[in-house]
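Let's take a quick tour of this one, starting with the ligand and then moving on to the sheet. Have a look at the fold first.

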Amino acid sequence: MSVITTEKHQNILVIISNNPPVNALGAAVRQGLVDGIEEALSDDEIEAVVVRCDGRTFFAGADITEFGKPMQGPNLGEAIDRLEASDKPVVAAIHGTALGGGCEVALACHYRVAVPSAKMGLPEVKLGLIPGAAGTQRLPRVVGAEAALPMVVIGNPISAKKAHAIGLVDQIVGEGSLAEDAIAFAREQIGKEPPRSSEGTANEDGIKNPAIFDEFRRKNGRKIRGFDAPEAGIQAVKAAGELSYADGVKKEGELFMKLMTGTQSAAMRHYFFAERAANKIDGIDPKIDLIPIKKVGILGAGTMGGGIGMNFLSAGIPVTIVELKEEALERGVGVIRKNYENTAKRGRMTEEQVEGAMSILTPSLSYDDLADCDLVIEAVFENMDVKKEVFAKLDGIVKQGAILASNTSYLNIDEIAAVTKRPEYVLGLHFFSPANIMKLLEIVRGEKTADNVLMTAMKLSKRIGKVAAVSGVCPGFIGNRMLSPRQEQANIMIMEGANYWDVDDVLLDFGFPMGPFQMSDLAGVDIGWHRDPERIETLRDALCAAGRWGQKVGKGFYDYNEARQRTPADEVKQIIAEFAAKAGKEQREISKDEIRERLLYPMVNEGAKILEEGMAQRASDIDVVWINGYGWPLYTGGPMFWADTVGLDNVVAGLKKHGLPVAKLLEEKAAAGGKFNG
Ligand code: 3H9
């Protein structure tokens with residue numbers, strides 16, 4: 001069956017796309033749109049046209065799987081120009097998500113109607129691109145440069161209501177009556193001169209007030225640091241004001257092609273599919289019966305427990321949170337409320353939503369109240385004996401058939417599961433701090449974890465807006481296990497003479513939000529310190545004894561001014577030099593290149609070992625973990641994709657040059673000219 005069909009409703013031709021799952025604008029769809037509009041134009045009975053989609057969504061964009069392959073049939077720009085050129089009014093009828101090329105189709109139509117639940121957006125920037133079918137030129141002409149900038153440069157979709165408010169949608173129609181309402185709307189437009197987005201004048205705001213572009217750059221500097229596409233997006237929107245439509249489209253095309261052929265977009269497209277692949281577990285039927293999760297229990301109302309709980313509350317899933325002491329419970333619940341209220345103050349939640357979330361939270365001082373939960377997540381002290389005690393107790397109280405999960409970040413899940421009578425219902429749910437914000441959920445699959453338990457956790461992660469990746473049981477799982485060799489090298493290098501600020505700067509320049517010594521200052525150098533200033537065995541002991549507890553006291557590895565800007569501290573240089581001398585470490589200058597290689601290559605090597613041991617299913621899962629949990633820059637595609645772009649032979653040579661171990665899998669792949677991804 002053709003992906004595009006047409007239906008005649010008296011004088012209206014409805015062009016319908018049916019290309020599951022998301023009506024991506026592949027070659028057949030583009031050709032179908034051209035054929036559809038030609039049919040409308042050559043039929044004298046037809047006086048107006050509606051373009052709509054069957055299935056769950058309006059066109060969700062160009063077909064990303066076609067990128068990098070030779071173009072088949074009309075390109076998207078040509079196809080949708082035909083829609084706009086029509087002298088019979090063309091109406092886009094939008095439901096689901098009109099994204100990227102889908103939004104560009106809608107913009108090329110003369111009118112747009114949408115159901116209230118629809119969303120519109122230009123998320124190309126998240127694929128390292130800008131819209132390439134005139135979206136950067138039509139959108140500002142319809143809604144103005146100022147409203148277009150966040151859509152093109154940040155790429156988050158907007159609601160139908162917002163789209164209506166800025167003039168992108170002409171009419172909001174009935175949620176259940178899109179097809180009929182769109183036809184009725186189209187009928188009303190017959191005989192009127194169709195408004196064409198390419199001829200709109202709203203873009204003049206960018207000429208009248210050119211400061212909006214620099215202002216936008218300044219405001220979003222942190223968000224877009226290191227990415228190429230956002231700057232291209234700003235330039236394209238600016239060009240929409242400065243150039244004729246035809247020249248603007250040409251400029252957009254040049255910017256688009258440069259991005260499309262660059263490594264950033266390749267990396268970000270890799271990530272798009274990596275995130276989706278991570279949801280799939282080899283050997284498990286995705287349609288397996290899941291365990292309904294209607295109520296969640298959290299053990300521990302500290303920072304972690306509270307943050308974890310908020311994920312479920314925000315998704316409308318009732319939570320019972322248990323602490324042993326009244327005071328700690330009250331404090332924990334208070335923090336949850338405060339967090340929600342702060343979100344509401346920033347306009348990202350309504351008061352009703354705050355109260356709604358709080359109303360499904362049940363604080364308790366008794367384990368017994370967890371009995372009827374479908375999933376209980378333990379977030380107590382990170383100690384094996386404590387965890388075992390807790391799990392044995394939970395096993396006796398929580399109903400049979402419920403899942404018991406640990407939030408441990410490195411302990412052995414199998415050992416924990418073994419104290420219960422239901423090891424197949426036990427797994428790790430490793431949230432990252434702050435747990436209500438960080439995207440990653442590392443799901444740890446125990447030796448005995450049942451398939452449906454694992455899949456229930458995967459599906460649940462999506463419901464609470466997390467990106468999940470599965471790890472096998474090994475110390476530190478995927479993420480922390482790979483962090484270890486990096487930290488180890490950082491510590492060794494500063495003893496060999498590397499500047500500790502160079503170590504941080506190398507990671508910052510690479511695109512991480514901060515380096516290990518900045519991180520230590522932020523978290524508190526004194527965390528886990530024995531608190532005896534006389535006992536100085538490690539560098540940390542020495543820093544703590546000197547009162548350098550981190551940012552909270554204005555000094556740690558760095559000195560901080562009032563604006564929290566860091567400067568390397570003479571006292572710390574001295575302390576490091578003394579430690580190095582005591583250890584008899586020869587000092588030498590260490591270049592930033594060497595620092596980068598010694599920080600990052602051992603991580604790739606550890607990733608290879610993780611794959612070798614089957615602790616991760618695929619290299620791209622490792623990329624998903626590091627991008628979402630540890631700030632690895634998205635535009636490099638994650639550690640394993642990055643290693644592919646560096647060349648595995650170069651990684652191996654670098655490791656050997658620095659006298660570092662090379663995993664078998666890495667060595668083999670490098671020798672065969674292979675890659676981790678693809
Ligand atoms: C673009 O438009 C460029 C133009 O400006 C210029 C061109 C010249 N293509 O996410 P889900 C697959 S760039 C191909 O799990 P959801 C996806 O891989 C594009 N495949 O569903 C998955 O496959 P599988 C701009 C796509 O309900 C399946 O569909 N548009 C595409 O959670 C289901 O996806 C975007 O960036 C695609 N465009 O979310 C939008 N999209 O089942 C990208 C999805 O085998 N898409 N697939 O794993 C999305 O954001 C989400 O998929 C969406 C649905 C919100 C639509």
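How far is an oxygen atom of the ligand from a polar backbone atom of G132? In this predicted model, that pair is 3.1 Å apart.

## Around the ligand

A backbone N or O atom of G101 sits 2.8 Å from an oxygen atom of the ligand, and R56 brings a polar side-chain atom to 2.7 Å from a ligand oxygen. On its own the ligand would expose 1000 Å², and the protein buries 75% of that.

The ligand is surrounded by 26 residues, with R56, E104, E124, R276 and K280 the closest. Sorted by class, that shell comes out at 14 nonpolar, five polar and seven charged residues. Helix 13 gives the most, with three.

Six of them make an open sheet with mixed pairing, in the order 1-2-3-4-6-9. Strand 1 (4–9) and strand 9 (171–172) are the edges, each pairing on one side only.

Strand 2 (residues 12–17) and strand 3 (residues 48–53) run parallel and are joined by six bridges. I15, for one, has V51 in strand 3 as its bridge partner.

## Helices on the sheet

Helix 1 (residues 27–42) lies across strands 1, 2, 3 and 4 (90–94), at about 175° to strand 2. Helix 7 (residues 178–189) also packs on the sheet, touching strands 1, 2, 3, 4, 6 (111–114) and 9. The direction of helix 7 makes about 155° with that of strand 3.

Notes
Residues are numbered from 1 along each chain as its sequence is written. This is a predicted model: local features need pLDDT of at least 70, side-chain atom pairs count only at pLDDT 80 or more; totals for chains, interfaces and linings use all residues. Side-chain values use heavy atoms; hydrogens and water are left out. A residue is near a molecule or strand if one of its heavy atoms lies within 4 Å of it. A polar contact is a pair of N or O atoms within 3.5 Å; within protein, one must be able to donate a hydrogen and the other to accept it, and residues adjacent in sequence count only if both atoms are side-chain atoms. Accessible areas come from the Shrake-Rupley method with a 1.4 Å probe; for residues, only the protein chains shown count as cover. Helices (H or I, at least four residues) and strands (E, at least two) are DSSP runs, numbered from the N terminus. Ala, Val, Leu, Ile, Met, Phe, Trp, Tyr, Cys and Pro count as nonpolar, Asp, Glu, Lys and Arg as charged, and the others, Gly among them, as polar. Two strands pair if DSSP finds at least two bridges between them. Contact means heavy atoms within 4.5 Å. Axes are lines fitted to C-alpha atoms, for helices over the stretch in contact, and angles run from 0 to 180 degrees between N-to-C directions.
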